[in-house]
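Please look through the structure shown here, and then follow the paragraphs below with the model open beside them.

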Amino acid sequence: MAIKSKKAIKISQKHLLGIQDLSVNDVNIILNEASKFIELNKSKNKKLDILKGKTQINLFFEPSTRTQSSFELAGKRLGADVMSMNITNSAIKKGETLIDTAMTLNAMHPDIIVIRHQDSGACNLLSQKVNCAVLNAGDGRREHPTQALLDALTIINRRKKIEGLKIAICGDILHSRVARSNIYLLNMLGAEVNIVAPTNLMPNEIERFGVNIFSDMKKGVKDCDIVMMLRLQNERMTSSFLSSNREYYEYYGLTPDKIKFAKEDALIMHPGPMNRGIEIDTNLADDINKSVIKEQVELGVAVRMACLKIFCE
Amino acid sequence: MKKKYFINANIIDPYNSLNETGGLIIDENGKIEGVGKKVNTNNIPSREKVIDLKGKHIFPGLVDMRVFVGEPGFEYKENFRTLSEAALSGGVTSVVTMPNTNPVIDNVSIVDFLRRRGRDKSKINIFPTAALTINTEGENMTEFGLLQGKGIIGFTDGIKTIQNPRIMNRIMNSASDLNSLIIQHAEDAELSKDGMINDGIIATKLGLQGIPVSAELLILERDLTLLEYNNCRYHISQISSASSIEIIRERKSKVNFSCGVSINNLSLNENDIGDFKTFLKLSPPLRTEDDRNALVQGLVDETIDVIVSDHKPEDEENKRLTFAQAETGASGIETLLPLSLELYHNGSVKLETIIKALTSSPAKILKINKGNLSIGNDADFCIVDINKPWVVRKEKLISKSKNTPIEDKKLQGKVMNTFVNGEELFKAE
């Protein structure tokens, strides 16, 4: 692995709320730590006791399969006591506010809270009210830092470095926290980032983040080392962001004829869950020579283990 | 009531083009008997007690055209008593209240209740508006004529905009027949749907749904076009962008109307929202620094007629939420004048222009005999030390709700005393 940690070994933040708050050094600490867990996760005995006696609460206000299970597994492999709150049965459904929920949980002395919430900034609000570390597992459209970190780790695993790579992020940028976190992180690590989306799904003034914007996908992926696809949410069709799935696929789906414009050895990424035949051709998604989608999931556990370990300390 | 004599004050009364050092005499009935440089120790009987203001300023009592009071329905946010205490501490002696209460002020019987409460509990002059449409639903017009007869000063859906151009056209026709004042909050509901802050870099960064400037422009263009055909008394409640200023500047040469701005939009920009400060979730939203500068310029050249506090008290429970869930609006009546004075201290706007936008201009639009120091008028005025520094502290606010957008801000200029009908109702500690 070519991740160098030159400077301090301590993270600058108490919470992991977003990539925006992290320094390059912070990122290197996390990625370094995560890379150590990759082998462990492939071995027979996966259990450590680094977080023995620590309590981790997963607070998921939005349905999630992979992120929640990934965080749960990560905590358990490190020996923490992991509790996942089922929001549908909880007091929140009865009208309790986020702050009151935070106070209640805080009284139980957790060491770490992992939160996913449909509102941007929910993790920031929670972090102001609890004594333990808060890890953001996705807040509204704002950030999904562990996803960006696992994407970075996946890229480094394959390409040894991020600096100098040309990376296209394609799809529903407007509603995507994954896109925002990735833009911050990839920029920070020295990549050139292209954003590809129909104008209706492009956030205002996104170019001020230091990215190139394209509404023509072929131009956007041209000569890219990595093509990162985003999930298109079906409800976007009903509100006239787009006309139809088939037209979207035609213009913005990753198809064999569009991937040709990228570099020959370009890698395909997707944070999941995928809509096959809408944003990505099903054969491309499964192409073992190009697609690293499964590897993203695998390294996700390692990244979350690293985050839990670092922020629990 | 005993006669009162003040001398050595810097008196600014834009209505009477008065800007001079002099005195003020209040008669036994609380009316203004004398004002200006001719009032000095030489012509005041020596037996009388004279108050030397030593260069402090006297302004007419402020007229705030956009104030939300919680009565009826939201008394826990603000009632008439707490509102008037808060207003007095900010030198405000007349307020125009918004109809977005529960129930909505949209019929004659509720106005009777409002008038009684306002009269019994309030120490300041309350000028209530009623809704333009029943329950502010934007469909059926309220009884402008009958409501005016009960003392309603103007008509607005407050936080809402008449979206339907056909209804707006008819409202203007009726208002023209009945000489009613229409106050529009200019925001297209479709373009601003689910929006929380200005649609720009900050919205993109924070992941919040944006409100584009076009949402405001569309309503301005529409209403000002309709106004060319049905000229009624029309006032735009608040504007927020540089493009709005351009439209208004251009249209003012064609039709008669007036326009306001919130002190928040004159003083703050979208960057102040920082890390999800819900107290800065406002409508219209705070926009860019360029927009703010254009608004200040609009005030200087009088494209903008009035400054309002847009005082919208919200309790902690409605603000200690995620940004999406938090209520819109900020408390501001207490800091309206001191925050406006910032524009004078930093050299952007002349003091007289600011005071005009806070006193005689709103009074003229409302057609009320307030906001001036004319002989024989009710002695509503405030004494202000325009240089006195102080810091806004949440716990020191008088309003029942503490949702100030400028917590811990250093201000220069403090209201020392406020008088209504010649009676001192507020005195600074």
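**From domains to strands**

The domain assignment of chain A, whose bounds come from an automatic or database assignment, gives domain 1 (19-144 + 300-312) and domain 2 (146-296). This is a predicted model, in which local features need pLDDT of at least 70 and side-chain atom pairs count only at pLDDT 80 or more, while totals for chains, interfaces and linings use all residues. Residues are numbered from 1 along each chain as its sequence is written, and chains are lettered from A and ligands numbered from 1 in the order in which they are written.

The C-alpha centres of domain 1 and domain 2 of chain A lie 25 Å apart. Across the boundary, 21 residues of domain 1 of chain A are in contact with 19 residues of domain 2 of chain A, where contact means that the C-beta atoms of two residues, placed from the backbone, lie within 7 Å. On the side of domain 1 of chain A that touches domain 2 of chain A, the largest share, 6 residues, comes from α1(A); helices (H or I, at least four residues) and strands (E, at least two) are DSSP runs, numbered from the N terminus.

In chain A, 5 strands form an open sheet in the order β7-β6-β5-β8-β9, and the pairing is parallel; two strands pair if DSSP finds at least two bridges between them. Because β7 (212-214) and β9 (267-269) of chain A stand at the edges with a single partner strand each, one side of each is left without a neighbour in the sheet. Within the sheet, strand β5 (residues 166-170) of chain A and strand β6 (residues 192-196) of chain A pair in the parallel sense over 5 bridges, and A:Ile169 stands opposite A:Ile195 in β6(A). Helix α6 (residues 177-188) of chain A packs on the sheet, touching β5, β6 and β8 (226-229) of chain A, and its direction makes about 170° with that of β5(A); axes are lines fitted to C-alpha atoms, for helices over the stretch in contact, and angles run from 0 to 180 degrees between N-to-C directions.

What lies in the interior? A nonpolar core is a set of buried Ala, Val, Leu, Ile, Met, Phe, Trp, Tyr and Cys residues joined through C-beta atoms within 7 Å, and a residue is buried if 20 or more other C-beta atoms lie within 10 Å of its own, exposed if 12 or fewer, and partly exposed in between. The largest nonpolar core has 116 residues, of which A:Ile113, A:Leu126, A:Ile169, A:Cys170 and A:Val227 touch the most other members. Helix α12 (residues 293-312) of chain A gives this core its largest share, 11 residues. A second, separate core of 102 residues includes B:Leu62, B:Met65, B:Ile304 and B:Ile383.

A:Lys263 has its place in the loop between α10 (256-259) and β9 of chain A, and A:Lys263 counts as partly exposed because 16 C-beta neighbours lie inside 10 Å. A:Lys263 and A:Lys222 are 41 residues apart in sequence, and 7.3 Å apart in space, C-alpha to C-alpha.

In chain B, B:His57 and B:Phe59 point one way from strand β5 (residues 57-60), whereas B:Ile58 and B:Pro60 point the other way, and all are buried. Strand β1 (residues 4-13) of chain B pairs with β5(B) in the parallel sense over 2 bridges, while β5(B) and strand β16 (residues 381-391) of chain B pair in the antiparallel sense over 4 bridges.
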